[in-house]
Amino acid sequence: VERRSTVLSVTAKTGGSGPLVFVEVEHLTSGNGALVVREVQSLVYRDPAPAGSLSAPPPMGEAHFDPSGWDAHRALVPQEPLLFRYSALTFNSHRIHYDLAYATGEEGYRGLVVHGPLTATLLLDLARRELGDNALKSFAFRGMSPAICGEMLHLVLRSKNAAWELGAFAADGRQVMSASAN
C-alpha cells in the first residue's frame, strides 16, 4: 500500500476569529500499483485563541437532539481509548485528542476533542451497517463544531435525492458534522 500526498493550494483569508490559512491536500492511496482511494482534505489553520478564552463548542445547552426524520440513528459516547487508538492509527499527535490539561488549559476546550476524521469514520460505519459493505461510491464531509470526548454523539443517515445525507450531532442538538454520499 502506498499513499502519496500533495498540497494542491494554500489560501490566506480573514475570518471572524482573525487570519486563516486554508490548505487543500490531495491523498492518493494505491494498492498493488492501482489507485484505490482519492481524498482531498481541506485544512484550516488559525492563530491560537487568546489566553483564557474558550474555544468552540459552546457550553452544553438545554436543547436535545431529536433523531426523528432520519432513516437511521446510532448514539455513542466517544471515550479516551477510542481517541487514543485513532490518534495512533492515523499518526495524529495533536494534544487536544489525548492531553486533557492541554486541551482545557491551553486550547480552551471543555474536554478532549474527538477527531473530525474519526467522526467521519463513524458516519461511514453507520452507512456500512445500514446499507451494506462497499455500498457507497463517494463520501464528502464537513466539520462544523467539535465533538467532545465523554459526551453523547448522535450519528444519523437518511435518503435524499437519490443519494444519502449523513450528520453527527451533539446531545444538545448542535451539528458537529454534515456529510453526503452516493
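Which residue follows helix 3, and near what value is its phi? Helix 3 is followed by G132, whose phi is positive, near 100 degrees. The structure is a predicted model, in which local features need pLDDT of at least 70, side-chain atom pairs count only at pLDDT 80 or more, and totals for chains, interfaces and linings use all residues. Residues are numbered from 1 along each chain as its sequence is written, and side-chain values use heavy atoms, with hydrogens and water left out.

The chain contains three helices and ten strands. Helices (H or I, at least four residues) and strands (E, at least two) are DSSP runs, numbered from the N terminus. In sequence order the elements give the pattern β-β-β-β-α-α-β-α-β-β-β-β-β. The radius of gyration of the chain is 17 Å, close to the 16 Å that the globule rule gives for 182 residues, so the chain is as compact as a globular protein of that length. The radius is taken over C-alpha atoms, and the rule is 2.2 Å times the number of residues to the power 0.38. Along its principal axes the C-alpha trace spans about 50 × 40 × 35 Å. Of the 182 residues, 34% count as buried; buried means under 20% relative accessible area, exposed over 50%, and partly exposed in between (1.4 Å probe, protein chains only). Among contacts (heavy atoms within 4.5 Å) with a separation of 6 or more, 57% are accounted for by residues 24 or more positions apart.

Helix 3 covers residues 116-131 and has 16 residues. From its first C-alpha to its last, helix 3 reaches 22 Å, close to the 22 Å expected at 1.5 Å a residue; the expected span is 1.5 Å times one less than the number of residues. Its buried residues are L118, T119, A120, L122, L123, D125, L126 and A127. In the loop between helix 3 and strand 6 (139-143) lies N134. Most residues other than glycine have a negative phi. The phi of N134, by contrast, is positive, near 55 degrees. N134 counts as exposed because its relative accessibility is 79%.

A positive phi in a residue other than glycine is also found at A162, where the value is near 60 degrees. A162 is placed in the loop between strand 8 (153-160) and strand 9 (163-170). With a relative accessibility of 82%, A162 counts as exposed. Another loop residue, G33, sits between strand 2 (18-31) and strand 3 (34-46). G33 is exposed, with a relative accessible area of 79%. G33 and P117 are 84 residues apart in sequence, and their C-alpha atoms are 26 Å apart in space.

Helix 1 comprises residues 80-90 and includes S87. At 8% relative accessibility, S87 counts as buried. Leaving out residues up to four places away in sequence, S87 touches N92, H97 and H115. The loop between helix 1 and helix 2 (100-105) holds H94. H94 counts as partly exposed, at 36% relative accessibility. With residues up to four places away in sequence not counted, H94 touches Y102 and E107. H94 and H115 are 21 residues apart along the chain, and their C-alpha atoms are separated by 9.6 Å.

V77 is partly exposed, with a relative accessible area of 32%. Apart from neighbours within four places in sequence, V77 is in contact with G150, E151 and M152. V77 and L153 are 76 residues apart in sequence but 5.8 Å apart in space, C-alpha to C-alpha.

Cavities were identified on a 1 Å grid over the protein atoms alone, a cavity being a set of points where a 1.4 Å probe fits but cannot get out, with lining residues having an atom within 4 Å of a point. Grid points are joined across faces, edges and corners, and a volume is the space filled by probe spheres set on the points. The count comes to one cavity of 30 Å³ or more. The largest cavity has a volume of about 50 Å³. Its lining is formed by P78, A147, I148, E151, M152, L153, A170, R174 and V176. These residues divide into seven nonpolar, no polar and two charged. In this division Ala, Val, Leu, Ile, Met, Phe, Trp, Tyr, Cys and Pro count as nonpolar, Asp, Glu, Lys and Arg as charged, and the others, Gly among them, as polar.

Note on methods: On a 1 Å grid over the protein atoms alone, a cavity is a set of points where a 1.4 Å probe fits but cannot get out, and a pocket is an open set with protein on both sides within 12 Å along at least five of seven lines; lining residues have an atom within 4 Å of a point.
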